[in-house]
Each structure stands twice: as structure tokens, then as C-alpha cells.
Amino acid sequence: MASKINSVWKNISVIIGLWLAVSSVASASPTVGATRLVFDGAKHESSITVRNGDDTAYLIQSWADAKGADGKKADAAKPPFMITPPLFRMEAKSANQLRVIRTGGDLPEDRESVFWMNIKAIPPSDPDAKNTLQFAINTRIKLFFRPAGLPDIKGAAWQNVSFERRGKQLFVTNPLPFYLTFSRLSVGVTDVVTTGVMVPPKGTASYTLPAAANGKVSWALINDYGGASPLFSAVLGDGSK
């Protein structure tokens, strides 16, 4: 029995050690200055800042993709954006700007398009270190292309977004030309999980709605700067009627 207990504790110690190693690397790696980047279609390029507060240099690799929120969309087309510099050495205690340049592409002009930016921080290798773990941390953020002809998002008619119950699903219809990313969505006192699912412009998305959920809809969005919008409310429609 004692040997089994010792074996269990040994495994737990290994798991904790690995977790601490990952946490240490993740907390020390370079950080990106925003959780999203909105590319103004009236301009040729945009930029975002990367900061390295660590005492060591990193190799920074960056690129754009259209592989979806989970990065697993296999048949995704190459996005019409180039990030420069695509690979560079970032010195300790420094900051650098990544430039995002549009390279062409036939994108819709009546609504936003979404892509993803990847910024990977690769730590230096230590030839003298033995039995150590090293991790490259990839930060992935949304890259929204906002055509020049769209109205100012500050004056968007958010009250026109509608919500409808259909069985165990909550359907959200978005008549606006902007993507909706919820920071909060609830029906009555019941929170609705929206993680990883945006409502596309001029489109619809659905979320699992707990059976007990009832009452008015309360919701807030993540704005262009990564913060939360004011709280809105709406009547919950019944799609079964």
C-alpha cells in the first residue's frame, strides 16, 4: 500500500512540476498589445505592438491565417495579409511593432471579414541545460477587416439584434455589417455560454439554451479595444409559434 501511495505522489509531483514549468514560460513570454486588431479598409496597413518584459531575448514569428477560431480549418484559403517582419529577434526589455499589410484579395465591401493573427514567441535554447522543458508560446488574436464604406460602429443600431428560442437553442440574428463577440449573454438569470462562437455580419448563430432559462435577454459585446460594451437588453422571441 505504501509503495502505491508513493507512486501516486510521485506522479502528482511530476504533473505539478510540468504545470509550473509551463506557467513560468507562459508568464514570462512576450505579450501582444491587444486582443484583436481592426484593419481599417481605408488604409494600406495597420500595426500592433509586441512587448518583451523578460530578461532574455526571443525569436518572434508571425503570420495570418483563415483557419477559424480553433485554427483547425484545413481547407482555408490564404488570407490577403502579410505581417512584417515575419521573423525577428526580440531583445530583452524591448518593444517592437508588427505591421499588417493588405496584399490584395477580393473581400466583401458590405460587411466585415475575419482572419487570425499568430505571434509565436520562441525562447532561446541553452546548450548547457539538461532535462529542461522549453515551450514556444503562440498568441492568436482576431484580425477584422472593416471595409471603408461601412458606417461608424459607434452609431450601430444594436437594438436591431434579435434573439429567439427554438427548442434548446438560442438563435441570434445580426442584421448589422459587424461581427458580434459576446462578453456576456444571459436569459433571465441564466448565463449562456458563447465561447468561440461569433455572430457573423448579416447572419445568425445559435447557442445552447438551458431549459430553465426564461425572461429578458441581457447582453454585452467585446468592443474594438477588447473591453466590454454597455449592457443591452432585448425581448426573447419564441420560434416555436
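**Aromatic pairs**

Guide: The model is a predicted one.

The structure holds eleven aromatic pairs. One of them joins W158 and F178: the ring centres are 6.4 Å apart and the planes stand at 50 degrees, so the pair is tilted. W158 sits in the loop between strand 9 (137–146) and strand 10 (162–166), while F178 sits in the loop between strand 11 (169–174) and strand 12 (182–187); the pair therefore ties together parts that are 20 residues apart in sequence.

Another pair is W219 with F232. Their ring centres are 4.8 Å apart and their planes lie at 35 degrees, so this pair is tilted. It links distant parts of the chain, with W219 in strand 15 (residues 217–221) and F232 in strand 16 (residues 232–234), 13 residues apart. W219 is buried, at 1% relative accessible area. F232, at 21% relative accessibility, counts as partly exposed, because the buried class holds values under 20%.

W219 and F232 also belong to one aromatic cluster, together with F163, F182 and Y207.

A charged side chain meets a ring as well: R166 lies over the face of F171, at 4.1 Å from the ring centre.

Technical notes. Residues are numbered from 1 along each chain as its sequence is written. This is a predicted model: local features need pLDDT of at least 70, side-chain atom pairs count only at pLDDT 80 or more; totals for chains, interfaces and linings use all residues. Side-chain values use heavy atoms; hydrogens and water are left out. Rings of Phe, Tyr and Trp (its six-membered ring) pair if their centres lie within 6.5 Å; planes under 30 degrees apart count as stacked, over 60 as edge-to-face and the rest as tilted. Helices (H or I, at least four residues) and strands (E, at least two) are DSSP runs, numbered from the N terminus. Buried means under 20% relative accessible area, exposed over 50%, partly exposed in between (1.4 Å probe, protein chains only). A charge sits over a ring if NZ of Lys or CZ of Arg is within 6 Å of the ring centre and within 35 degrees of the ring normal.
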